[in-house]
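Reader: I have just opened this one and would like a short tour. Can we take it piece by piece?

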Amino acid sequence: MPHATSNVEHPTFEKFVLPLLTVAVIIATWSAAVKFSGTKIFPSPIAVASAIGTLGEKSLLWRYIADSLTRVFAGYAIAIVAGIPLGFLLGWNASLARAVNPLIQMLRPISPLAWMPLAVIWFGVSNAAPIFLIALASFFPIVVAAMNGVRNVPPMYLQAGRNFGLSTWQLMIRVVIPAVLPRIIVGLRLAFGIAWVVLVAAEMIAVDSGLGYLIIDARNAGKRYDLVVAGMLLIGVIGLLLDTGIRRVEEWISE
Amino acid sequence: MKVQFSDISMRFGAMDVLQDVSIGVEEGEFLCIVGPSGCGKSTLLNIAGGFLSPVKGTVTIDGDPVTGPDRRRIFVFQERGVFPWLTVEGNIGFGLFDLPDEERQRRVAQYVHLVGLEGFEKAYPRELSGGMKQRVEVARALAVNPDVLFLDEPFGALDSITRLQMRSELLRIWRAARKTVLFVTHDIEESVQLADRVVVMSARPGRIRRVVEIDIAHPRDLSSRRYIELRDLIFGEIGLAHQV
């Protein structure tokens with residue numbers, strides 16, 4: 001950490017003032033660029049701000065955010081509930097992993113967006129389609145993190161646990177789970193990042209609300225680029241807040 | 001005999017690791033096993049601990065054949081075996097899950113005291129030095145009151161000063177707790193400092209070359225003639241002239 005000293009001296013400055021300063025400079029540059037170039041296809045910061053304001057007044061803003069969050073958390077929850085137990089099973093049972101892992105590794109690199117046509121046919125125009133895509137997208141990193149975590153529990157932890165007379169079940173609860181928790185949390189954070197990215201793309205089809213829908217609808221219904229950029233910014237800011245939240249949980253668990 | 005190895009042979013794949021190893025260990029004895037690396041001394045200890053089954057031969061403890069791990073005989077690793085998610089207290093009390101809370105706390109406090117970690121009860125392993133972590137592991141093993149301790153190069157990862165301190169600590173604890181100890185090391189000096197008897201093993205496949213009785217009373221004078229004699233005897237037995 002090259003800036004360790006200044007960090008200690010000015011923690012607030014480094015953490016908040018510097019990033020805010022960067023944002024201010026970018027907004028100023030953006031504003032000036034739009035003004036002097038006279039472009040019609042990129043909105044000024046003020047236009048974007050007023051677009052967000054209008055959305056807020058029509059109370060669309062909160063509904064879209066709530067819809068997006070509901071979908072992302074639903075899909076993510078499904079991925080956790082399915083992914084962690086499967087990952088544990090595969091990490092614990094080497095022959096099962098040999099049988100199933102190639103399939104997982106083959107499905108994993110397929111972009112979740114490639115499943116879109118199938119999702120629409122299977123689930124129609126409903127919340128289920130984006131939730132399915134999000135669950136799918138976050139499922140693989142969670143399975144892989146849990147599997148690798150369990151597989152890499154240092155053998156001497158297991159040996160010590162057995163030596164003290166733990167049953168397999170007790171070994172799971174008292175040794176394996178605490179030993180893999182830090183790795184799983186990292187996997188969960190990665191998976192959430194992916195889920196959030198996929199959500200926006202998923203909402204461009206199959207649904208008529210949410211932040212992804214906002215962007216595609218603003219373009220289709222009258223080329224409202226102020227709303228497009230507003231949607232992008234909202235996605236970025238909410239993504240940042242959620243990631244910060246998960247990092248907090250991560251720090252709290254690893255003390 | 002407390003622990004009796006009878007004709008133990010072990011093979012991993014096509015590789016013979018141990019060949020016809022037979023030795024008895026007396027109750028309360030401190031036995032060191034030394035040998036060149038790869039001679040199967042850790043394997044021998046794992047067989048006695050019930051973590052591996054030999055291809056031939058048996059180990060009996062108190063006359064009963066060893067069939068698996070057992071909390072009456074605890075294996076101690078290098079300090080990496082402590083659980084990083086538990087505090088010092090949590091680690092030491094790990095094997096005491098079937099005791100009522102009060103009794104467990106009493107026992108934990110007793111062993112915290114024995115290994116000199118008072119004031120660190122709530123500390124996590126990452127806050128401790130290597131030597132302190134090793135004490136936690138020894139205390140965790142002793143807390144379940146086993147009759148045999150298996151130590152597999154327990155001080156191998158410590159710096160040389162800490163290692164010396166830990167040796168005298170271990171001897172103090174051994175005298176206080178009166179356990180049968182099987183201690184594997186590749187450090188000949190360490191074996192002569194600690195053991196009642198030293199088992200010298202040959203290179204793979206491991207066989208017992210010689211059993212050397214260390215007839216020096218504790219505390220041992222490391223510059224005494226007898227100490228140097230015995231040490232050089234073992235160096236010679238392993239085929240190392242004692243010069244660099």
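Predicted model: local features only at pLDDT ≥ 70, side-chain atom pairs only at ≥ 80, totals over all residues.

Reader: Which residues go into domain 1 and domain 2 of chain A?

Author: Domain 1 of chain A covers 1-39, and domain 2 of chain A covers 43-253.

Reader: OK, helices next. At what angle do H3 and H11 of chain A pack?

Author: Helix H3 (residues 45-57) and helix H11 (residues 225-253) of chain A pack at about 80 degrees, and their axes are 8 Å apart. With that angle, H3(A) is roughly perpendicular to H11(A).

Reader: Which residues of H3(A) and H11(A) make the contact?

Author: From H3(A) come Ala47(A), Val48(A), Ala51(A), Ile52(A) and Leu55(A). H11(A) supplies Asp226(A), Leu227(A), Val229(A), Ala230(A) and Leu233(A). By class, the contact of H3(A) with H11(A) has nine nonpolar residues, no polar ones and one charged.

Reader: Why would a helix use residues three or four places apart?

Author: An α-helix has 3.6 residues a turn, so residues three or four places apart point the same way.

Reader: Now H4 of chain A. How many residues does it have?

Author: Helix H4 (residues 60-92) of chain A has 33 residues. From first C-alpha to last H4 reaches 47 Å, close to the 48 Å expected at 1.5 Å a residue.

Reader: And where is the kink in H4(A)?

Author: At Gly83(A), shortly before the proline Pro85(A), and the kink is about 25 degrees.

Reader: Switching to chain B. How is chain B divided?

Author: Domain 1 of chain B is made of 3-72 + 146-238, and domain 2 of chain B is 85-145. Their centres, taken over C-alpha atoms, are 25 Å apart. In the contact there are 13 residues from domain 1 of chain B and ten residues from domain 2 of chain B.

Reader: What gives the largest share on the domain 1 side of chain B?

Author: Helix H5 (residues 160-177) of chain B, with six residues. The side of domain 1 of chain B that touches domain 2 of chain B has ten nonpolar, two polar and one charged residues.

Reader: How many residues are in contact between chain B and chain A?

Author: 13 residues of chain B contact ten residues of chain A. On the chain B side, nine are nonpolar, two are polar and two are charged.

Reader: Last topic, the backbone. Which peptide bonds are cis?

Author: One joins Arg204(B) and Pro205(B), with omega about -5 degrees. Pro205(B) lies in the loop between strand E9 (197-201) and strand E10 (208-213) of chain B. Another runs from His218(B) to Pro219(B), with omega near -10 degrees. Pro219(B) is in the loop between E10 and helix H7 (225-238) of chain B.

Reader: What about phi of Asp7(B)?

Author: Phi of Asp7(B) is near 50 degrees, a positive value in a residue other than glycine. Asp7(B) sits in strand E1 (residues 3-12) of chain B. Most residues other than glycine have a negative phi, and most peptide bonds are trans.

Note on methods: Residues numbered from 1 in each chain as written. Chains lettered and ligands numbered in written order. Contact = placed C-beta atoms within 7 Å. Nonpolar A, V, L, I, M, F, W, Y, C, P; charged D, E, K, R; others polar. Axes fitted to C-alpha atoms, helices over the stretch in contact; angles between N-to-C directions. Helix = DSSP H or I, 4+ residues; strand = E, 2+ residues; numbered from the N terminus. Parallel < 35°, antiparallel > 145°, perpendicular 65-115°, else oblique. Domains from an automatic or database assignment. Expected span 1.5 Å × (residues − 1). Bend = angle between axes of the 7 residues up to and from the residue.
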